[in-house]
Amino acid sequence: MDIAKLSDKIVTGDRRALARAITLVESSRADHREQAAELIEALSRKTDAQAVRIGLSGTPGVGKSTFIESFGMMLTGQGLRVAVLAVDPSSARSGGSILGDKTRMEQLSRDPNAFIRPSPSGTHLGGVARRSREAVALCEAAGFDVILIETVGVGQSETVVAEMSDLFILLLAPAGGDELQGVKRGIMEMADIILVNKADGDLKPTAMRTCADYAGALRLLRKRPYDPEGFPKAMTVSALEQDGLSKAWEEMNTLVDWRRETGHFADRRAEQARYWFEEEVRQALLAQLRTGQARAALDRIGQRVAQGQTTPSKAAAQLLQDLHISSE
């Protein structure tokens, strides 16, 4: 593969080249990983574009796809180019994914100013695919103004998306009972804006009450240094009726502009780059446990643990010693 030619096509906005590049960075083959690293490096030298990266999380059934389509259509209507990176859960049994997000965003998928790419989550936790950050970098290099990263939607573990986005939006549905139990503190502390969806029809009064509950809960959280006065905040939207979307986008821009002016935007991106460097090191170390030598040692020492001949802690230390990896 001619990496220089591919990078040139991506910078000019070639959608086929972008799709090929995302397939390349998602590959786990050693030769493809080398080419992917070379491509990302080449693009970083050719462009310094900074799209607004928006991570979007929420439980299944909250209407993420409907929201993204309505929100995306509003943005493209303003002349902005929008990329959607949607992550579908992979089966623990077969490893397959449905990847149906594109069919659920029928209007947006036909919009010439939009690009939708569904990816399987694989075995990666945190609601995103392991190579989602590299896919974000590719879309940014291709000239997209806004990049929406839709997570799997499985609950509290969905915080990794905050490490690859400038804004983390939590989408919730109006519900009866104790709504605050629906989302735990960890993901609440990550959210920049909470949007209560489905604020229409008979559900509108419930949505207003739910929004007030979350607004109260946000005031109890410790103030973060990278937030201006009034953030994080809770708002109501209706993706079905396109109500509240413009206001939500206005608030997102207010927050991004403030962070750019105060230097928090650049600082956060620098922290994220450091995070992903350390994550790559962790993944490389874990990969050592998948080699033939490591699997044989795992089976041998694991058998001794199962038979009660040694403790799990002592056995783990022995394995790491055999593989010449420090346990400290």
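Helices here are DSSP runs of H or I with at least four residues, numbered from the N terminus. By that count, the chain in this predicted model has 13 helices and 7 strands. One of the helices is helix 3, which spans residues 30-46. Glu41 and Arg45 both sit in helix 3, 4 residues apart. That spacing is about one turn of the helix.

Start with the chain as a whole. It has 328 residues, and 45% of them count as buried. Take the contacts with a separation of 6 or more. Residues 24 or more positions apart account for 75% of these contacts.

Now return to helix 3 and its neighbours. Two packed helices are described by the angle between their axes and the distance between the axes. Helix 1, residues 3-11, packs on helix 3 at an angle of about 50 degrees. Their axes are 10 Å apart. The contact is made on the helix 1 side by Ile3, Ala4, Leu6, Ser7, Asp8, Ile10 and Val11. Helix 3 answers with Gln35, Glu38, Leu39, Ala42, Leu43 and Lys46. The crossing of helix 1 and helix 3 is right-handed.

Helix 3 also packs with helix 7, residues 132-141. The angle is about 40 degrees, and the axes are 10 Å apart. Helix 3 is therefore oblique to helix 7. Arg33, Leu39, Ile40 and Leu43 of helix 3 make this contact with Glu134, Ala137, Leu138 and Ala141 of helix 7. The crossing of helix 3 and helix 7 is left-handed.

Leu39 takes part in the contact with helix 1 and in the contact with helix 7. What does Leu39 touch, not counting residues up to four places away in sequence? The list is Ile3, Leu6, Ser7, Ile10, Ala21, Leu24 and Leu138. Leu39 also belongs to the largest nonpolar core, which has 46 residues. Within that core, Ile10, Leu39, Leu138, Cys139 and Ile194 touch the most other members. Helix 2, residues 15-26, supplies the largest share of this core, with 6 residues. A second core of 33 residues is separate and includes Leu56, Ile193, Phe231 and Phe265.

Next come the charged pairs. The structure holds 20 salt bridges. Arg45 reaches 62%, so Arg45 is exposed. The cut-off that separates these two classes is 50%.

Another pair lies within helix 11, residues 264-287. Glu271 and Arg268 form a salt bridge there, with the closest N and O atoms 3.2 Å apart. The two residues are 3 residues apart, which means about one helical turn separates them. Both partners are partly exposed: Glu271 has 47% relative accessibility, and Arg268 has a relative accessible area of 23%.

The salt bridge between Glu251 and Lys233 also has an N to O distance of 3.2 Å. This pair links distant parts of the chain, 18 residues apart. Glu251 is in helix 10, residues 245-262, while Lys233 is in strand 7, residues 233-236. Is Glu251 buried or exposed? At 9% relative accessibility, Glu251 counts as buried, because the cut-off is under 20%. Lys233 has 22% relative accessibility and so counts as partly exposed.

Salt bridges can also be followed beyond pairs. Arg53, Glu140, Asp166 and Arg269 are linked in a network of them.

Finish with helices 12 and 13. Helix 12 covers residues 292-306, and helix 13 covers residues 312-322. They pack at an angle of about 155 degrees, with their axes 10 Å apart. Helix 12 is therefore roughly antiparallel to helix 13, because the angle is over 145 degrees. The crossing of helix 12 and helix 13 is right-handed. Helix 12 contributes Gln293, Ala297, Leu298, Arg300, Ile301 and Val305 to the contact. Those residues meet Pro312, Ala315, Gln318, Leu319 and Asp322 in helix 13.

Methods: Residues are numbered from 1 along each chain as its sequence is written. This is a predicted model: local features need pLDDT of at least 70, side-chain atom pairs count only at pLDDT 80 or more; totals for chains, interfaces and linings use all residues. Side-chain values use heavy atoms; hydrogens and water are left out. A salt bridge is a side-chain nitrogen of Lys or Arg within 4 Å of a carboxyl oxygen of Asp or Glu. Buried means under 20% relative accessible area, exposed over 50%, partly exposed in between (1.4 Å probe, protein chains only). A nonpolar core is a set of buried Ala, Val, Leu, Ile, Met, Phe, Trp, Tyr and Cys residues joined through side-chain atoms within 4.5 Å. Contact means heavy atoms within 4.5 Å. Axes are lines fitted to C-alpha atoms, for helices over the stretch in contact, and angles run from 0 to 180 degrees between N-to-C directions. Angles under 35 degrees count as roughly parallel, over 145 as roughly antiparallel, 65 to 115 as roughly perpendicular and the rest as oblique. A crossing is left-handed if the near helix is turned anticlockwise from the far one by less than a right angle, and right-handed if clockwise.
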